[in-house]
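Good morning, and thank you for coming.

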Amino acid sequence: MSASIPFEQALDAGRARRYLNADPAVVMSRESLSFMEEAAVKAIGSAPGAELLFQTMEDVSYRAMKWAAPGAPLPEADIRALMEEHFRRSGLGRLVIQAMAAGGGRAELLGGCGNAGIPAACVRGYLAGAFAAAAGRMPGSFRVRKDTAQNAAGDLFIIEARG
Amino acid sequence: MMANLVTYASMMCDADGNGSIPIFGGGLCILPSTLWLLLVERLLRRADPMRSGAAEDAIRAAAAGYCYRLAHGVMESPEFMEGARAAGQEPRGRLEAFLSLMAAWGWADAETAFLEPGKKLVVHARAYFEADIRDTFQSARPLAFMLSGMCGALMDLLFAAPFPRGLASFTCTQTRGIECGDRYGEFVVTGKDAL
């Protein structure tokens, strides 16, 4: 037996047991996302590695949103609040959904990816999956690009529906 | 007194208004375990079958570096120092304290099976999140890259040169894995000179 504390007691006390979609939650650091990108790039190459990280983040984000908002569509304001709160509570930073529609939208990571220590591919994937779930579509339905704009307080992301 | 670490660990869910979780060195985040598991599975499926070992080595090396930096930040934090104080400042006490924190953080239910200070560490894990990869991916080889990286990092930090020079002074080999059919995970850490 561990000399410290029972495992279940530790998990209960940790209160991080469940992520939004009821998957087991793991506490890491924001740098873990950069390390995941590094692992992916070193394992299969730069472009495919970044793309794979994006797709994986998209799928996980999609699942989280589908679990949090299943069934009937929520009002847009509720969906936006859910996305922003989900992102914030994860400790990833502050994401503001500036615009949202069936065809896409615009979001801003305040402070920027660099300050947050998060690869842009991860934010792009998060938005792609969340928007797909909110629109009642499947992962892969939205493309997301990072854009720059004057007077932005962080990194802007443009979400556009494919096809 | 280990409960202090758990108490602190329980506070990590509380991000501030800017989405920051500032304790234990700051920059923490809460992620679904499936993010890492799915990424590993997809990387191994995508890698050239003739070079799958190289892909695993790349993942393992990245994990080792990350765990070294994470563990250093945590161990240097006031929260860890206070919570681990009762366990003593000896390496074994700090090691046990860190393992209890890893339990609270969802990494593993692990214990020190053997420790020869400065030479060898054996960790047994009855449960660890990386074992869940077996639900969708069959492997004859152990795949707990994060836990392996963390075991090696702990020895680097406790017994090797001061951070950051001590990285990779020890190497961890996972000799048993729940994900490949064993009853528990076993992680054997030895110094590079011992190889």
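I shall describe chain B and then chain A.

This is a predicted model, in which local features need pLDDT of at least 70, side-chain atom pairs count only at pLDDT 80 or more, and totals for chains, interfaces and linings use all residues. Residues are numbered from 1 along each chain as its sequence is written, chains are lettered from A and ligands numbered from 1 in the order in which they are written, and side-chain values use heavy atoms, without hydrogens or water.

Chain B contains six helices and five strands, where helices (H or I, at least four residues) and strands (E, at least two) are DSSP runs numbered from the N terminus. Their order from the N terminus is α-β-α-α-α-α-β-β-α-β-β. Chain B has a radius of gyration, taken over C-alpha atoms, of 17 Å, close to the 16 Å from the globule rule for 195 residues, so it is as compact as a globular protein of that length; the rule is 2.2 Å times the number of residues to the power 0.38.

Of the 195 residues in chain B, 57% are buried, meaning under 20% relative accessible area with a 1.4 Å probe, protein chains only.

Turning to chain A, we find six helices and five strands, arranged from the N terminus as α-β-α-α-α-β-β-α-α-β-β. Among the 163 residues of chain A, 50% count as buried. Of the chain A contacts (heavy atoms within 4.5 Å) with a separation of 6 or more, 57% involve residues 24 or more positions apart.
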